[in-house]
Amino acid sequence: MSNDLQWLLLRKNNSFLVKRVVEGPVFSKEPGNLRNLNSFKYSGLANSKTIDVKEQGGNIKIVTRKTKASPHSVSSSYASSSIRPRSGGRRAIGIASSTAKRGYRPDLRTAAIARVSALIAAQREPKPTPTKKVRGKKAKAVVE
């Protein structure tokens with residue numbers, strides 16, 4: 001079955017749709033959807049080539065779908081690579097864009113980099129907030 005036909009069948013009715021606002025974007029929670037938008041470009045169900053970025057056990061896992069794999073063997077139809085979040089943003093950009101540089105969905109490069117960067121930033125410990133400086137004569141008099 002072609003990707004276009006799959007999209008026509010899945011675009012309005014599937015279990016991953018999130019319809020909360022009457023007039024606004026329709027979101028999707030399907031695996032392989034980098035922007036979580038219900039569109040053909042980002043769909044993880046209707047495309048034969050997908051890139052999925054997720055966190056698993058403290059590492060960030062990048063999973064791609066093999067195009068020539070048999071549809072009956074689900075476990076062998078995906079290739080994955082993982083990175084440690086401590087390796088920094090430049091390593092994440094290199095790994096996320098390596099699939100696009102090889103010609104595997106180069107249109108998803110920016111979305112994959114954004115997803116990896118967001119996961120790394122979420123795992124990083126937040127910096128402590130600095131104390132506010134006291135300004136003005138009256139405020140300084142209260143502190144002293």
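Q: Leaving aside neighbours within four places in sequence, with which residues is arginine 35 in contact?
A: In this predicted model, arginine 35 has its place in the loop between β2 and β3. Once the neighbours within four places in sequence are set aside, the residues in contact with arginine 35 are Tyr42, Thr110, Ala111 and Ala114.

Q: Is arginine 35 buried, partly exposed or exposed?
A: Buried means under 20% relative accessible area and exposed means over 50%, with partly exposed in between. The relative accessibility of arginine 35 is 38%, so arginine 35 counts as partly exposed.

Q: What distance separates the C-alpha atoms of arginine 35 and alanine 69?
A: Arginine 35 sits in the loop between β2 and β3. Along the chain, arginine 35 and alanine 69 are 34 residues apart, and their C-alpha atoms are separated by 25 Å.

Q: Where does asparagine 36 lie, and what is its phi value near?
A: Asparagine 36 belongs to the loop between β2 (27–28) and β3 (51–56). At 29% relative accessibility, this asparagine counts as partly exposed. Its phi is positive, in a residue other than glycine, and is near 60°.

Q: How far apart in space are serine 39 and glutamate 55, C-alpha to C-alpha?
A: Serine 39 is found in the loop between β2 and β3. With a relative accessible area of 22%, serine 39 is partly exposed. In sequence, serine 39 and glutamate 55 are 16 residues apart; in space, C-alpha to C-alpha, the distance is 23 Å.

Q: Is arginine 105 buried or exposed?
A: Arginine 105 lies in the loop between α2 (89–101) and α3 (109–123). Its phi is near 50°, a positive value in a residue other than glycine. The relative accessible area of arginine 105 is 12%, and the limit for burial is under 20%. Arginine 105 is therefore buried.

Q: Which pattern does the chain follow along the sequence?
A: The chain has 4 helices and 5 strands. Read along the sequence, they give the pattern α-β-β-β-β-β-α-α-α.

Q: What is the radius of gyration of the chain?
A: For 144 residues the globule rule gives 15 Å. The value for the chain is well over that, so the chain is more spread out than a compact globule. Along its principal axes, the C-alpha trace spans about 75 × 40 × 25 Å. The radius of gyration is 21 Å.

Q: How far apart are the C-alpha centres of domain 1 and domain 2?
A: The domain assignment gives domain 1 (1–47) and domain 2 (49–125). The contact between them takes 12 residues from domain 1 and 14 residues from domain 2. Their C-alpha centres lie apart by 19 Å.

Q: What percentage of the contacts with a separation of 6 or more comes from residues 24 or more positions apart?
A: Contact here means heavy atoms within 4.5 Å. Among contacts in the chain with a separation of 6 or more, the share from residues 24 or more positions apart is 39%.

Q: How far apart are the mean positions of the positive and negative charges?
A: The chain has 30 positive and 8 negative charges.

Methods:
Residues numbered from 1 in each chain as written. Predicted model: local features only at pLDDT ≥ 70, side-chain atom pairs only at ≥ 80, totals over all residues. Heavy atoms only, no water. Helix = DSSP H or I, 4+ residues; strand = E, 2+ residues; numbered from the N terminus. Rg over C-alpha atoms; globule rule 2.2 N^0.38 Å. Lys, Arg positive; Asp, Glu negative; His and termini not counted. Charge placed at Lys NZ, Arg CZ, Asp CG, Glu CD. Domains from an automatic or database assignment. Buried < 20%, exposed > 50% of the residue type's maximum accessible area, 1.4 Å probe, protein only.
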